[in-house]
Amino acid sequence: MEKIEYRAVIKFLHLKGNTPTQIKAELDAIYEDSAPSFATVKRWAAEFKRGRTSLADDERSGRPTTATIADNIERIHQMILDDRRIKVREIAEAVGISKERVCHILTKELNICKLNACWVPRLLTVDQKRIRMNISKTLLERFKRNESDFLSRLITVDETWIHYFTSGTKEQSNRWTAKDEPALKKTNIISSAEKVIATFFWDSHGIVFIDYLEKGKTITGVYYASLIDKLKTEIAKKRPHLKKKKVLFHQDNTPAHTSVVAMAKIHELQFELIDHPPYSPDLAPSNFFLFPRLKVWLRKQKFSSNKEIIAFVEAYFAKQDANYYLNGLKEWKHRWKKCIDLKGDYVEK
């Protein structure tokens with residue numbers, strides 16, 4: 001029952017001479033749980049006693065709902081076309097309406113939302129998209145067959161630069177985009193600065209170990225093979241459940257990872273290597289889960305040495321529980337599904 005109809009009943013009973021208590025009792029008897037509260041009955045009985053005749057709400061102060069008019073919609077649309085990065089506050093001030101009305105016009109009337117740019121290593125060819133889709137299908141089917149076995153045996157590795165100071169963020173590329181329009185893509189270019197490259201080996205239980213490369217050195221096939229040797233030692237110490245199981249090993253396709261010496265070491269240790277499509281950081285757990293969250297915490301931190309960076313990173317991962325890593329790896333399943341749905345194109349979220 002509409003509230004205006006309740007008010008009509010309250011008015012009728014008031015004019016019959018009933019008190020608010022009597023009106024409330026009669027409404028409860030008829031409408032039970034849906035009856036208005038005693039405070040509402042008392043307030044409207046008092047209004048009618050003072051001579052009020054209207055049952056409608058009084059007009060409220062503030063901007064009228066007529067802000068959503070054709071002229072405002074057209075003006076806001078043009079502002080978005082002129083500047084895809086314009087802020088809601090700036091639109092509201094320019095048009096002279098509330099931010100709430102601006103958001104309503106953007107999302108409901110113009111059907112647009114704000115997306116940040118999708119950083120990609122390159123624009124994919126048709127063949128590369130097909131490879132991504134086929135590998136995603138294969139891994140998704142394997143994951144579904146035995147999820148617990150897949151996650152318990154999996155170890156993934158990747159490298160990232162950790163800068164002494166990080167100011168820019170991905171969110172700074174936010175721009176207004178139609179809901180059926182693909183996100184903007186950018187190549188990831190970072191200017192040179194003091195930094196250290198860290199190699200992370202991790203699984204569903206947490207970090208197995210992190211290697212911080214000495215300044216002036218590069219990750220070669222020989223160096224990477226030595227890290228895999230160290231990984232075997234760390235697995236024996238930290239992952240006893242893998243002692244009699246074959247490690248499911250995931251890495252990307254960088255030259256050091258796919259070098260003859262590194263592949264020979266993987267074969268020697270009898271790791272089972274998972275396929276990873278080329279140019280696909282969006283399908284690597286470190287890139288879509290581990291590193292983005294770490295770098296949120298690194299944002300605007302200032303370090304003066306590698307020692308400070310290492311202490312910060314180690315402290316960050318020490319406070320995460322096992323579910324943090326397990327849930328991160330489970331996101332992989334949704335990435336594979338999305339990649340398949342997008343016919344092999346890059347997955348943003």
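Student: In which sense do strand β3 and strand β6 pair, and over how many bridges?

Tutor: Good place to start! Strands of a sheet pair through backbone hydrogen bonds, either parallel or antiparallel. In this predicted model, β3 (residues 154-163) and β6 (residues 195-203) pair in the antiparallel sense, over eight bridges. To find your way along the pair, look for E159, whose bridge partner in β6 is T199.

Student: What is the order of the strands in the open sheet?

Tutor: Five strands form the sheet, and you can read them across as β7-β6-β3-β8-β9, with mixed pairing.

Student: Which strands stand at the edges?

Tutor: Those are β7 (206-212) and β9 (272-273); each has a single partner strand, so one side of each is left without a neighbour in the sheet. Now bring in a helix: α13 packs on this sheet and touches β3, β6 and β7. The direction of α13 makes about 175° with that of β7.

Student: How do I read the crossing of α12 and α13: what is the angle between their axes?

Tutor: The axes of α12 (residues 285-298) and α13 (residues 306-318) cross at roughly 120° and come within 11 Å. Angles from 65 to 115 degrees count as roughly perpendicular and those over 145 as roughly antiparallel, so these two helices are oblique to each other. Their crossing is right-handed.

Student: Which residues meet where α12 contacts α13?

Tutor: From α12 come L290, R293, L294, W297 and L298, and they meet F312, V313, Y316 and F317 in α13. Sorted by class, the residues of this contact are eight nonpolar, one charged and no polar.

Conventions: Residues numbered from 1 in each chain as written. Predicted model: local features only at pLDDT ≥ 70, side-chain atom pairs only at ≥ 80, totals over all residues. Heavy atoms only, no water. Axes fitted to C-alpha atoms, helices over the stretch in contact; angles between N-to-C directions. Helix = DSSP H or I, 4+ residues; strand = E, 2+ residues; numbered from the N terminus. Parallel < 35°, antiparallel > 145°, perpendicular 65-115°, else oblique. Left-handed = near helix turned anticlockwise from the far one by under 90°. Contact = heavy atoms within 4.5 Å. Nonpolar A, V, L, I, M, F, W, Y, C, P; charged D, E, K, R; others polar. Pairing = 2+ DSSP bridges.
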